[in-house]
Amino acid sequence: MQTERDWPLYEVFIRSRQGLSHVHAGSLHAADDRMAVENARDVYTRRGEGLSIWVVRSDRITASAPDDKGALFDPADSKVYRHPTFYDVPDDVECL
Amino acid sequence: MAVVTAQMPDEAKHALLQTVLRLGDNALILGQELSKWVSRGPTVELDIALANQSLDLIGQARLLLDYAGRLEGKGRDEDALAFHRDAWDFRNVLLVELPRGDFAKTILRQFFYALWAEAFYGALRQRRDETLAAIAGKSVKEMAYHARHAGEWVVRLGDGTAESHRRLAEALAELWPYTHELFMSDQADAEMVAAGIIPDVEALRPAWEGAVSEVMDAAGLAIPEDTWRPAGGRNGVHSEHLGFILAEMQHLPRMYPEATW
């Protein structure tokens with residue numbers, strides 16, 4: 001249970017050297033946003049993992065409900081035509 | 001080895017050795033002191049933060065003591081200098097050997113030292129000794145982060161609860177007199193400054209004091225009146241505390257020389 005003395009929980013997202021987007025790295029506690037960035041630096045980038053850090057208070061995240069899984073995600077299973085697999089790719093096209 | 005030092009007369013080389021030992025021992029002893037927080041940090045995040053800073057300092061100490069060993073020319077490497085010298089051979093300022101105390105004292109000392117080291121290394125990068133300039137280039141970024149991290153904590157503690165304010169005020173009263181030694185210089189320093197090898201610490205002082213005042217204002221604390229200016233560590237005259245630090249740090253390599261794992 002959260003008391004006044006506890007620091008709020010933050011979620012940490014790190015963009016790595018190779019990565020194009022920020023990836024969830026984990027979570028930590030901090031008293032404010034600035035401290036959260038510094039704690040993230042100290043906890044999650046010790047081995048040169050990152051070039052950029054995002055933090056967001058965990059209670060600001062709106063998540064989908066597990067019970068909605070069927071309604072949200074199952075309909076996509078039967079839509080094979082949404083995958084780009086119906087094209088013939090010429091041999092000399094690179095980087096695809 | 002840097003071009004400059006290869007052509008140096010022995011006296012100048014000795015002065016340079018003193019300079020390098022002073023820097024290396026500051027980093028080593030403060031790193032050792034900070035490492036005592038491992039597993040005892042106020043939070044797991046701060047535990048890791050202090051351990052990171054300890055490792056930064058010990059990394060700097062290794063580079064500096066390795067260079068000191070080469071300047072000395074007696075075949076001693078960084079480990080020999082760290083583990084097989086006695087207290088009177090250490091050249092660190094008294095500030096870094098004081099007991100770490102509570103978190104407020106640890107953080108305030110880290111702030112004072114890191115702010116000084118950031119300025120010193122920042123200026124050292126431009127000086128003529130290539131080895132020192134290269135070590136400074138790596139270290140200045142680490143110390144800039146320590147100064148920022150500690151400075152924010154100083155504000156939080158000073159401007160926090162009645163108890164955190166009281167603890168920080170006590171730490172300030174105790175530590176402030178010891179900050180003066182960071183800005184003292186002797187004949188050897190003057191020679192190194194004249195030779196363009198180290199920056200003049202006196203010139204760094206106004207900016208350091210300005211940055212300290214800014215943080216103290218935000219923390220709601222006043223810099224104490226000057227009373228005494230304890231010093232001596234830079235010349236090997238230490239407080240009783242260094243002996244205990246060395247006993248803990250050195251006993252294993254002294255009991256089992258050449259031990260490996």
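Predicted model: local features only at pLDDT ≥ 70, side-chain atom pairs only at ≥ 80, totals over all residues.

Residues are numbered from 1 along each chain as its sequence is written, while chains are lettered from A and ligands numbered from 1 in the order in which they are written.

Chain A contains two helices and three strands, in the order β-β-α-β-α from the N terminus. Here helices (H or I, at least four residues) and strands (E, at least two) are DSSP runs, numbered from the N terminus. The radius of gyration of chain A, taken over C-alpha atoms, is 20 Å, whereas a compact globule of 96 residues would be near 12 Å; the globule rule is 2.2 Å times the number of residues to the power 0.38. Its C-alpha atoms fill a box of roughly 60 × 35 × 15 Å along the principal axes. Of the 96 residues, 16% are buried, that is, with 20 or more other C-beta atoms, placed from the backbone, within 10 Å of their own.

In chain B, the axes of helix α3 (residues 44-72) and helix α6 (residues 130-158), which are lines fitted to C-alpha atoms over the stretch in contact, come within 11 Å and cross at roughly 160°. The angle, on a scale from 0 to 180 degrees between N-to-C directions, therefore makes α3(B) roughly antiparallel to α6(B), a term for angles over 145 degrees.

Note on methods:
Buried ≥ 20, exposed ≤ 12 C-beta atoms within 10 Å, placed from the backbone. Parallel < 35°, antiparallel > 145°, perpendicular 65-115°, else oblique.
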